[in-house]
Amino acid sequence: MSRRSGQTGWLEVKEKQGRKAYIARFRTDESGQDGRTKRSVFIGFVDEMTRSQAEFKKLQLVSKAGVNDPDYLFKLTDLFSGRVTQFEQTYLPRRKGSTVSTIRYFIRKYLLPKWGQTPVASITAEAINEWIGELTNLAPSSVRHAVKVLQLIIGSRLDRKSVV
């Protein structure tokens, strides 16, 4: 993944619904891919806005996408598996043996198969809730324990209302 600093994207005029329209184009990095993905977003029709208004709206879209933020590439490359390694080196040595074996079991059995190659920034409450729905064979206390271990690893406590 390469980061091009100062990306502004470009503006194209294309036919849409029989009228000329401004289309904003810019590239984004996707996690797990070497190349970049080209995005295109409809801005408005040519007869309804000037080119400078369309350019301004395009710059707002690129800014909102966050592709020029300094930590943009870092968010994509901070994988869950890397956090697990760091967690095992820093957190687990301070715990009792039985706690360590239980946490390692949950990591190996439930967390790494699901979240191993996922960027930490994309692990959201909604994604965790979907995952909890897949854990139908576990007791509720085991599900709660797995979620707590996940929260310890990613380093953020999720609101109880957001994670069911």
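**Ground rules.** I number residues from 1 along each chain as its sequence is written, and since this model is predicted, I keep local features at pLDDT of at least 70 and side-chain atom pairs at pLDDT 80 or more, while totals for chains, interfaces and linings use all residues. My side-chain values use heavy atoms, with hydrogens and water left out.

**Overview.** I began with the elements, taking helices (H or I, at least four residues) and strands (E, at least two) as DSSP runs numbered from the N terminus. The protein has six helices and three strands, and from the N terminus on I read β-β-β-α-α-α-α-α-α. For burial I called a residue buried under 20% relative accessible area, exposed over 50% and partly exposed in between, using a 1.4 Å probe and protein chains only. Buried residues make up 35% of the 164 residues. I then looked at contacts, meaning heavy atoms within 4.5 Å. Among contacts between residues at least 6 apart in sequence, 56% join residues at least 24 apart.

**The sheet.** I counted two strands as paired if DSSP finds at least two bridges between them. The three strands form an open sheet in the order S1-S2-S3, with antiparallel pairing. S1 and S3 are the edge strands, each pairing on one side only. Neighbouring strands here are turned by 35° against each other on average, direction ignored; the axes are lines fitted to C-alpha atoms, for helices over the stretch in contact, and angles run from 0 to 180 degrees between N-to-C directions.

Strand by strand, I found S1 (residues 10–16) joined to S2 by seven bridges. Among the partners, Leu11 has Ala24 in S2 and Glu15 has Lys20 in S2. The hairpin of S1 and S2 has two residues between the strands, and Gln17 in that hairpin takes a positive phi near 55°. On to S3 (residues 36–45): nine bridges join S2 to this strand, and the two run antiparallel. Ile23 stands opposite Phe42 in S3.

How enclosed is S2, and what is the count behind that? Eight of the 11 residues of S2 (residues 19–29) are buried, so the strand is largely enclosed by the rest of the structure.

I picked Phe26, which is found in strand S2 and is buried, with a relative accessible area of 6%. Phe26 stands opposite Arg39 in S3. The two are 13 residues apart in sequence and 5.4 Å apart in space, C-alpha to C-alpha. Leaving out residues up to four places away in sequence, I list the contacts of Phe26 as Gln7, Gly9, Trp10, Thr37, Lys38, Arg39, Val41, Val62 and Ala65.

**Helix H5.** Which residues of H5 (residues 125–134) are buried? I noted Ala125, Ala127, Ile128, Trp131 and Ile132. Seen down the axis, these buried residues fall within an arc of 155°, so they line one face of H5; the arc is that of the directions from the helix axis to the C-beta atoms. A reminder to myself: an α-helix has 3.6 residues a turn, so residues three or four places apart point the same way. On the other side of H5, Glu126, Glu130 and Glu134 are exposed. What covers the buried residues of H5 includes helix H4 (97–115) and helix H6 (140–154).

**Aromatic rings.** I paired rings of Phe, Tyr and Trp (its six-membered ring) if their centres lie within 6.5 Å, calling planes under 30 degrees apart stacked, over 60 edge-to-face and the rest tilted. That gives six aromatic pairs. Phe42 and Phe45 have ring centres 5.2 Å apart and planes at 65°, so I logged the pair as edge-to-face. Phe42 is partly exposed at a relative accessible area of 34%, whereas Phe45 is buried at 8%. Phe87 and Tyr91 have ring centres 4.8 Å apart and planes at 20°, so that pair is stacked. Phe87 and Tyr91 are both buried. Ring pairs also link Tyr105, Phe106 and Tyr110 into a cluster.

**Charges over rings.** My rule was NZ of Lys or CZ of Arg within 6 Å of the ring centre and within 35 degrees of the ring normal. The charged end of Lys16 sits over the ring of Phe42, 4.9 Å from its centre. Lys114 lies over the face of Trp115, at 5.5 Å from the ring centre.
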